[in-house]
Amino acid sequence: GFEDEPRIAHGDRDLVTAMISAREVRMVSFTGGFVTGEAISRTAGLKKLAMELGGNAPVIVMNDCDFDKAVEACVSGAFWAAGQNCVGAQRILIQAELYDQFRDAFVASTRNLKAGDPMNEATDVGPMISPQVAERTEAAVNEAINAGAKLLCGNSRDGSLYHPTVLEGTPTRCRLWHEEVFAPVVMLAPFDTLDQAIGMANEPDYSLHAGIFTSNLNVALEAANRVEAGGVMINDSSDYRFDAMPFGGFKYGSMGREGVRFAYEDMTQPKVVCVNRG
């Protein structure tokens with residue numbers, strides 16, 4: 001994603017490299033960006049790796065959805081934790097007949113969010129982790145706008161506070177479409193058929209979770225089967241998760257699974273003991 005560069009101080013880098021490559025280390029677990037994960041895998045050598053390398057969550061909204069529920073869940077899924085959420089809704093794909101209505105309601109609801117001091121109970125969206133990260137987010141959004149995306153709201157910054165931002169018409173060649181933004185930024189796009197929506201959902205190389213809103217169970221299950229994601233949330237946003245779930249991704253999004261049971265299984269090695277008492 002946009003935070004993919006390794007930022008280990010030079011004085012510590014040799015130590016980290018030595019630790020990762022040591023023969024005594026049997027497993028390396030890492031959560032972060034693809035470039036850093038790839039660098040670790042080249043250094044680690046022959047040992048077990050568990051990696052969560054980011055996502056770019058799509059949410060599909062069908063014409064027959066529960067409209068109010070879909071809008072509310074997508075707004076929450078996009079902007080919870082100031083978008084600093086690896087399963088946060090980043091691309092919302094809306095069936096064409098519903099697109100204008102959904103867009104207008106989504107933008108109106110986003111404009112109602114209060115961004116500011118996280119210690120204020122009235123605040124809905126707090127600051128990002130640092131001013132530098134907010135600046136990189138702003139630069140990525142401006143890059144998409146310059147490439148042809150239309151700004152519907154947001155894209156204003158005050159230090160580390162970056163206001164919830166909604167775009168439409170984002171060219172699919174943009175970084176914002178293909179990489180994990182990890183910020184309060186969401187892109188809206190229309191589609192005609194389920195096949196088209198699934199094709200759009202599967203375009204990025206990173207995929208942890210996805211979501212679909214529909215009242216048709218057959219459509220929901222077809223999407224769950226065909227969308228390339230480690231988890232597909234039906235009638236909820238992509239950001240739904242609890243620790244009992246096996247959590248991880250498809251493609252470059254993951255190696256292994258998190259979640260209490262699945263994490264300790266990943267970090268242990270089964271042993272089989274057979275006794276022949278004959």
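**Rings, a patch and a buried threonine**

Guide: Leucine 217 lies in helix 8 (residues 217-226). Helices here are DSSP runs of H or I with at least four residues, numbered from the N terminus. This is a predicted model, where local features need pLDDT of at least 70, side-chain atom pairs count only at pLDDT 80 or more, and totals for chains, interfaces and linings use all residues. Residues are numbered from 1 along each chain as its sequence is written, and side-chain values use heavy atoms, with hydrogens and water left out.

Visitor: Why is leucine 217 called exposed?

Guide: Exposed means over 50% relative accessible area, buried under 20%, partly exposed in between (1.4 Å probe, protein chains only). Leucine 217 has 56% relative accessibility, so it counts as exposed.

Visitor: Which residues form a nonpolar patch on the surface?

Guide: Leu217, Leu221 and Ile234 form it, with about 270 Å² of accessible area together. Patch members need over 30% relative accessible area and no salt bridge; nonpolar side chains are joined within 5 Å, like charges within 9 Å. A salt bridge is a side-chain nitrogen of Lys or Arg within 4 Å of a carboxyl oxygen of Asp or Glu.

Visitor: How many aromatic pairs does the structure hold?

Guide: It holds four.

Visitor: What makes the pair of phenylalanine 67 and phenylalanine 102 edge-to-face?

Guide: Rings pair if their centres lie within 6.5 Å; planes under 30 degrees apart count as stacked, over 60 as edge-to-face and the rest as tilted. The centres of phenylalanine 67 and phenylalanine 102 are 6.2 Å apart and the planes stand at 85°, so the pair is edge-to-face. It links distant parts of the chain: phenylalanine 67 is in helix 3 (residues 67-79) and phenylalanine 102 in helix 4 (residues 96-111), 35 residues apart. Both residues are buried.

Visitor: Why is the pair of phenylalanine 102 and phenylalanine 106 called stacked?

Guide: The centres of these two rings are 5.9 Å apart with planes at 20°, so the pair is stacked. Both residues lie in helix 4, four residues apart, about one turn of the helix. Ring pairs link Phe67, Phe79, Phe102 and Phe106 into a cluster.

Visitor: How do you know that arginine 241 sits over the ring of phenylalanine 247?

Guide: The test asks for CZ of Arg, or NZ of Lys, within 6 Å of the ring centre and within 35 degrees of the ring normal. The charged end of arginine 241 is 3.8 Å from the ring centre of phenylalanine 247. Arginine 91 lies over the face of tryptophan 177, at 5.2 Å from the ring centre.

Visitor: Is threonine 137 buried or exposed?

Guide: Its relative accessible area is 3%, so threonine 137 is buried. Threonine 137 is found in helix 5 (residues 131-146).

Methods. Areas by Shrake-Rupley, 256 points an atom, 1.4 Å probe, with all protein chains shown as cover. Helix = DSSP H or I, 4+ residues; strand = E, 2+ residues; numbered from the N terminus. Phe/Tyr/Trp six-rings, centres within 6.5 Å; stacked < 30°, edge-to-face > 60°.
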